[in-house]
Number of protein chains: 6
Amino acid sequence: MSNYKFECLNVNITDEGVAHVEINRPKALNAFSTQTWTEIGQCFTQFKHDGNVRCAVLSASGRMFTAGLDLKEAATGPLATNSTEDVDRARRGYYHRLFILKFQDAISAIETCNKPVIAVIHGGCLGIGIDVISACDIRVAAQDAYFIVKEVDIGMAADIGTLQRLPKVVGNDSWVREVCYTARKVSAQEAQAVGLVGSLHASKEAALAAAMDTASLIASKSPVAVVSTKHLLNYSRDHTVQEGLEYTAIWNALAHNSKDMPTAIMASLQKTKPQFPKL
Amino acid sequence: MSNYKFECLNVNITDEGVAHVEINRPKALNAFSTQTWTEIGQCFTQFKHDGNVRCAVLSASGRMFTAGLDLKEAATGPLATNSTEDVDRARRGYYHRLFILKFQDAISAIETCNKPVIAVIHGGCLGIGIDVISACDIRVAAQDAYFIVKEVDIGMAADIGTLQRLPKVVGNDSWVREVCYTARKVSAQEAQAVGLVGSLHASKEAALAAAMDTASLIASKSPVAVVSTKHLLNYSRDHTVQEGLEYTAIWNALAHNSKDMPTAIMASLQKTKPQFPKL
Amino acid sequence: MSNYKFECLNVNITDEGVAHVEINRPKALNAFSTQTWTEIGQCFTQFKHDGNVRCAVLSASGRMFTAGLDLKEAATGPLATNSTEDVDRARRGYYHRLFILKFQDAISAIETCNKPVIAVIHGGCLGIGIDVISACDIRVAAQDAYFIVKEVDIGMAADIGTLQRLPKVVGNDSWVREVCYTARKVSAQEAQAVGLVGSLHASKEAALAAAMDTASLIASKSPVAVVSTKHLLNYSRDHTVQEGLEYTAIWNALAHNSKDMPTAIMASLQKTKPQFPKL
Amino acid sequence: MSNYKFECLNVNITDEGVAHVEINRPKALNAFSTQTWTEIGQCFTQFKHDGNVRCAVLSASGRMFTAGLDLKEAATGPLATNSTEDVDRARRGYYHRLFILKFQDAISAIETCNKPVIAVIHGGCLGIGIDVISACDIRVAAQDAYFIVKEVDIGMAADIGTLQRLPKVVGNDSWVREVCYTARKVSAQEAQAVGLVGSLHASKEAALAAAMDTASLIASKSPVAVVSTKHLLNYSRDHTVQEGLEYTAIWNALAHNSKDMPTAIMASLQKTKPQFPKL
Amino acid sequence: MSNYKFECLNVNITDEGVAHVEINRPKALNAFSTQTWTEIGQCFTQFKHDGNVRCAVLSASGRMFTAGLDLKEAATGPLATNSTEDVDRARRGYYHRLFILKFQDAISAIETCNKPVIAVIHGGCLGIGIDVISACDIRVAAQDAYFIVKEVDIGMAADIGTLQRLPKVVGNDSWVREVCYTARKVSAQEAQAVGLVGSLHASKEAALAAAMDTASLIASKSPVAVVSTKHLLNYSRDHTVQEGLEYTAIWNALAHNSKDMPTAIMASLQKTKPQFPKL
Amino acid sequence: MSNYKFECLNVNITDEGVAHVEINRPKALNAFSTQTWTEIGQCFTQFKHDGNVRCAVLSASGRMFTAGLDLKEAATGPLATNSTEDVDRARRGYYHRLFILKFQDAISAIETCNKPVIAVIHGGCLGIGIDVISACDIRVAAQDAYFIVKEVDIGMAADIGTLQRLPKVVGNDSWVREVCYTARKVSAQEAQAVGLVGSLHASKEAALAAAMDTASLIASKSPVAVVSTKHLLNYSRDHTVQEGLEYTAIWNALAHNSKDMPTAIMASLQKTKPQFPKL
């Protein structure tokens with residue numbers, strides 16, 4: 001466990017293999033500083049290599065999920081592109097692009113960690129918050145949750161994943177575009193109706209409990225089957241059906257060597273609950 | 001008709017050009033043996049070349065649509081990868097990959113046959129059943145239908161199309177991932193709400209009748225228009241909008257030579273019902 | 001304003017930067033003649049280069065949005081492919097393909113103009129009408145609106161965008177295919193339920209007013225942020241998530257040079273309403 | 001012929017269908033002004049629709065093929081990005097990108113005109129000259145020709161096609177990169193050795209005569225076969241082998257309707273020279 | 001061996017695992033009838049599944065490699081598209097496209113069989129002959145060999161692979177286009193200079209012997225390594241470098257389970273010649 | 001400089017901005033241990049962010065460029081896949097795939113560092129050596145150099161880039177496949193003839209001097225122009241021509257803000273040698 005010590009995150013891993021990650025900057029309304037997203041990237045990259053982690057839950061402490069980007073930090077950081085007028089714009093652009101890519105990679109680590117991640121949203125989920133939850137697999141929310149694709153209101157297009165993933169997460173393009181262009185507030189109920197969140201719960205605690213339950217259920221399955229499913233879903237989203245099938249064929253030609261298959265089939269026939277070793 | 005004799009399938013083609021395919025292994029709960037999916041592949045490939053078939057309906061006999069893969073057969077077949085420990089895993093993997101590809105191709109024949117296929121689901125639709133119905137164009141169900149993406153429960157990732165097609169069939173990624181990771185049971189009502197099935201009916205018979213009606217309607221349209229529409233929808237799903245448009249342009253530069261167009265336009269102006277020759 | 005004089009379109013641009021485009025061939029039920037779609041192409045291409053336009057609304061005059069393709073014209077035009085039997089089909093096909101591509105490009109100008117476009121549908125929206133509204137960003141409708149993917153009924157597959165964009169606009173593939181194969185009538189309520197239109201309004205006037213309100217809101221945002229968002233949403237729809245992210249990084253490395261960002265952030269901190277110069 | 005009146009280009013079309021295009025700004029060493037490339041775009045786009053043009057030859061008048069971009073014009077034009085420091089960089093970038101795309105489209109018209117284009121190079125071919133000849137199908141040169149990928153020497157990366165097409169035109173990546181990074185001078189002999197030009201000739205006149213001979217030969221072939229071959233080569237360069245094959249299948253299912261095929265086969269069997277009508 | 005009985009092909013498999021396939025219609029100058037290419041498809045598909053075949057050599061009997069398509073058969077076959085004027089062109093086009101795809105698949109079987117194929121060319125290699133040898137891995141020729149991309153001379157674009165593979169086989173686009181547009185004769189020496197063939201030999205017999213030697217050498221290597229190398233080269237040709245790398249990673253994560261690796265490494269350290277079991 | 005301290009590499013950066021990287025394990029014939037390739041990855045990733053580095057040269061110390069993978073280490077490392085028979089193959093495969101990806105990423109850092117890299121080969125260049133030099137931009141060699149794609153001789157397919165990049169580096173597919181299937185030795189002269197190396201030199205010292213000269217020349221150019229050229233060449237290799245053009249347009253819309261452009265143009269007009277600040 002000692003491997004998961006962070007400043008902005010609390011990480012706890014259950015015996016069943018459920019990692020609970022809590023964003024923990026409540027005083028700053030969990031605003032995303034560079035430290036915050038760097039740690040997100042580190043944490044989920046580590047999960048990729050850690051057999052003890054089979055599924056993860058991502059929630060946040062305090063009043064809301066996140067108020068979005070840490071604008072105070074941004075005002076003096078690499079995004080503060082107008083601060084020094086004398087710089088060569090092409091040179092600054094070269095490094096600024098690398099900075100954006102690094103930020104994107106940190107959030108994409110949620111997707112590439114191969115273990116399913118369930119987001120639990122309560123209170124506001126603004127700006128970068130939408131990028132983050134779009135990179136998760138499953139989203140549940142408290143009744144008080146609300147969502148704002150805030151970026152146009154700070155004069156920019158969302159660039160950490162919202163414009164890439166949100167339209168593939170919900171099947172209503174008219175709605176996606178409207179909320180991206182207007183930065184209007186979306187209630188938990190509307191988010192559920194459109195499919196952004198799966199289930200709504202009376203409180204953050206209830207939402208978290210439900211997420212932990214689902215995560216425990218996933219953690220009880222064959223980890224080979226689960227990581228394969230996540231990896232193949234992501235691969236297939238980005239390829240043609242035929243390419244997805246062909247990639248799956250070579251993947252499973254390897255994965256079918258797992259002893260989890262006879263274990264699972266035997267348990268199924270014997271109506272017992274199978275136990276699978278960690279990945 | 002004599003061309004469509006199968007062991008595991010009943011095939012009947014109406015005068016209007018609607019082919020009704022019934023999976024017929026009721027004692028085995030329509031479990032998919034190698035023979036079953038091989039015949040599916042043969043049957044729909046034949047439809048591709050058969051001008052008498054304009055639309056198809058796929059249903060199943062007995063208690064449920066399908067219990068999934070025939071595990072008894074699988075336990076001794078090519079999927080039984082742990083049966084002979086002494087084999088070279090790379091060599092076996094080479095042939096096992098070819099086996100998976102062959103299985104995939106058989107089910108993909110539903111998609112590539114060019115004639116629309118309407119699935120009618122009643123009772124359980126498990127595992128490979130989801131792969132099959134995802135490859136169909138339209139899905140209707142009886143009230144008693146339920147759906148389980150069962151593969152993680154036998155220790156593997158679904159590999160015959162579910163992970164490729166299901167997320168493109170329903171527009172709710174959070175839901176897709178949850179049911180794929182958990183293998184939980186989905187009711188007919190939930191399936192309809194999420195868009196997996198279009199309409200629900202009181203019984204299997206009612207669902208089948210509705211499907212046959214829709215199929216008859218489709219069969220009454222210009223077969224050139226119908227097969228073109230299916231082919232172009234599938235092509236466009238797998239390409240950029242611009243590539244889809246360009247492919248459509250060359251396709252229709254040929255298809256517009258059809259005499260169905262003046263026939264249809266004339267009938268439209270004269271308010272008569274047009275008759276179109278078979279493909 | 002004098003730059004926007006058309007035969008089939010009325011164009012009016014508000015001081016806020018909302019361009020209202022009205023298809024204006026009410027006697028012909030706004031049937032799409034070559035002149036009509038040519039002007040659509042010209043108008044929206046011009047918007048791309050006109051900093052005074054920040055958002056657009058597309059509606060139609062008279063009884064309905066559009067009855068579809070102008071069949072009278074088509075009967076004697078390039079689509080009339082069976083009129084002269086003696087022609088070399090390959091040569092005619094060469095030019096016919098170019099004609100289809102030109103038609104497609106005209107409608108795609110709605111998408112490529114970079115400024116968001118809100119469609120307002122009332123009465124019937126048939127055939128090419130579906131191609132047109134699928135190329136818009138947001139769709140609102142009057143209660144009396146109905147929709148028919150009419151092309152199979154004139155013996156052809158839709159070729160101006162419906163088969164490419166509609167399945168990416170609504171997340172219900174079973175529904176998309178059914179309405180494309182059957183050419184059945186879809187009510188405004190069904191269109192809303194499936195996500196084809198966002199909001200329904202008592203009358204065309206109410207729908208138009210709502211669209212103009214949303215457009216005004218969008219026009220009040222940073223135009224750099226808004227055109228970036230539309231451009232990146234379209235790019236990302238057609239690429240993998242990773243490619244979308246990388247393209248976004250270089251795009252924003254340039255766009256972040258905008259003075260709109262400090263303006264917006266300052267206004268956000270000071271709780272004032274920011275003013276952004278035109279693009 | 002009167003359709004091809006340009007300021008910077010001379011166009012002459014032979015009875016056989018060979019269009020000779022001569023870049024004609026000898027005093028400016030055929031430097032590419034906006035007028036020049038705009039006319040290139042117009043001319044070759046027109047060829048696409050002109051059945052009288054079956055093949056084209058592109059050469060230049062005066063001392064050399066081209067000295068490259070017209071730097072005098074550029075110093076005051078849209079490329080002069082540092083001229084007005086006070087502008088919003090994001091806004092200027094929006095329009096500057098559209099300008100580059102327009103420039104690219106003009107040169108790409110050589111590729112998309114569907115009729116083969118043979119470039120004849122003499123003297124220097126610098127900067128934009130490489131973009132232009134890379135967009136041609138076949139390149140022949142006089143012994144005195146030399147080539148410089150000049151862009152790095154004006155502080156920028158080539159952006160009108162060289163970096164996209166040159167590596168696909170010659171099969172020597174080490175050489176391509178070296179000449180692009182160093183802007184060193186390449187002799188006609190080296191250009192031939194590496195495959196950039198096919199044949200070398202004693203003089204510009206000899207090179208032009210050879211190009212006209214090849215063009216006449218191509219113009220004597222079935223125009224359906226020739227434009228199909230060019231279109232399919234370009235399509236296939238940009239797609240997988242399998243996608244290229246599938247696109248070819250639909251293309252030829254149309255093109256095989258040409259009467260040129262029986263004409264050609266009959267002539268082949270009868271050992272006569274076939275005559276093919278214009279496209 | 002009895003499995004490889006064909007009308008138009010002689011097949012002989014050596015003990016080392018080299019399959020020698022000889023096209024054997026010398027009286028017809030090995031013109032490709034439907035029977036011929038159907039058997040090519042069957043033969044190489046069978047090789048894919050036959051562990052006894054580790055490498056293949058493809059040559060032809062009689063005066064030349066092949067005179068191209070069997071025009072006599074074509075004049076009455078599916079390519080004879082102008083024979084019956086009364087047919088519906090769209091309907092015929094539907095089936096004609098399927099015919100071309102079937103023809104393409106037969107020749108692509110050379111590529112997809114996974115075992116390297118060495119073509120031995122002597123005398124003429126015309127039309128479909130170029131499609132065939134482009135699908136092979138390695139090409140050697142006799143001094144008397146010559147090559148013609150003949151299709152434009154029968155009024156059509158090559159459609160069985162030449163336009164897809166030839167430009168990726170030789171790195172000289174100017175040359176590829178010239179020979180495709182002009183159908184001019186290419187000598188063995190020119191073919192070697194441009195890289196179409198690797199080595200030239202005094203006679204067909206010498207060329208065949210050299211090919212058999214190379215094939216024997218390949219057959220002596222680990223079959224897991226060899227089929228993996230061919231498969232990955234083909235995959236990577238059609239994908240980005242990064243996608244090729246990622247596919248390779250999963251492929252080799254399976255293939256590295258082969259016992260051939262320790263066998264080969266041990267033999268390498270002990271300077272002995274390793275023996276590898278068949279695939 | 002102190003930032004570039006490695007165990008297996010010597011790094012020296014000239015005042016002009018040329019980084020000379022020497023692989024320095026001469027006793028092991030520069031065999032690639034995990035430490036070696038990890039440091040390659042670190043070094044070139046660092047170059048990406050280091051404005052002092054404008055171009056790099058990669059050579060090796062001792063008798064040869066590299067003998068290939070460190071087989072001693074491999075025999076006990078993650079590649080030793082048959083060492084522990086009892087492991088779950090699917091689980092081991094999961095981590096083994098991650099290991100290959102990490103190895104690939106390290107070598108790909110040569111490509112993604114954005115600064116051109118010139119490889120200097122002397123003596124043997126085996127196995128992983130081919131992966132490495134294929135990832136470089138330009139290759140020069142000493143007369144004594146030789147090349148072997150060695151992987152099939154250790155029972156595996158090359159998996160660190162050779163199969164992806166080599167066919168795109170040299171334009172002779174028949175040759176590429178032959179050397180990959182046979183693992184035969186290729187002389188420096190043959191490598192030059194086929195385009196694998198650009199220039200040959202009498203000795204390693206001469207080759208290194210020539211590479212340093214070219215590198216100095218490149219380092220004297222605008223760094224914005226040079227990194228843009230490399231980045232765009234790599235992007236365009238992996239995309240269609242049109243996509244490459246569009247990406248270039250947005251890239252240069254930013255890069256054209258560089259002050260290097262007026263500096264370069266002014267120097268060009270004044271015939272002076274321009275000085276460009278570091279990136």
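Two strands are taken to pair if DSSP finds at least two bridges between them, and strands (E, at least two residues) and helices (H or I, at least four) are DSSP runs numbered from the N terminus. The structure is a predicted model, in which local features need pLDDT of at least 70, side-chain atom pairs count only at pLDDT 80 or more, and totals for chains, interfaces and linings use all residues. Residues are numbered from 1 along each chain as its sequence is written, and chains are lettered from A and ligands numbered from 1 in the order in which they are written.

In chain B, strand E3 (residues 55–60) runs parallel to strand E4 (residues 117–121), and 3 bridges join them. Within this pair, Val57(B) has Ile118(B) of E4(B) as its bridge partner. Both strands belong to an open sheet of 6 strands in chain B, ordered E1-E2-E3-E4-E6-E9, with mixed pairing. Strand E1 (9–13) and strand E9 (199–201) of chain B form its edges, each pairing on one side only. Neighbouring strands are turned by 20° against each other on average, direction ignored (axes are lines fitted to C-alpha atoms, for helices over the stretch in contact, and angles run from 0 to 180 degrees between N-to-C directions).

Chain B can be laid on chain E with an RMSD of 0.0 Å by a turn of 180° and a shift of 0.0 Å along the axis (least-squares superposition on C-alpha atoms of residues with pLDDT of at least 70 in both). The two copies are thus related as by a two-fold rotation axis.

The contact between chains D and F takes 37 residues from chain D and 48 residues from chain F (C-beta atoms, placed from the backbone, within 7 Å). On the side of chain D that touches chain F, H6(D) gives the most, with 8 residues.

Methods. Contact = placed C-beta atoms within 7 Å.
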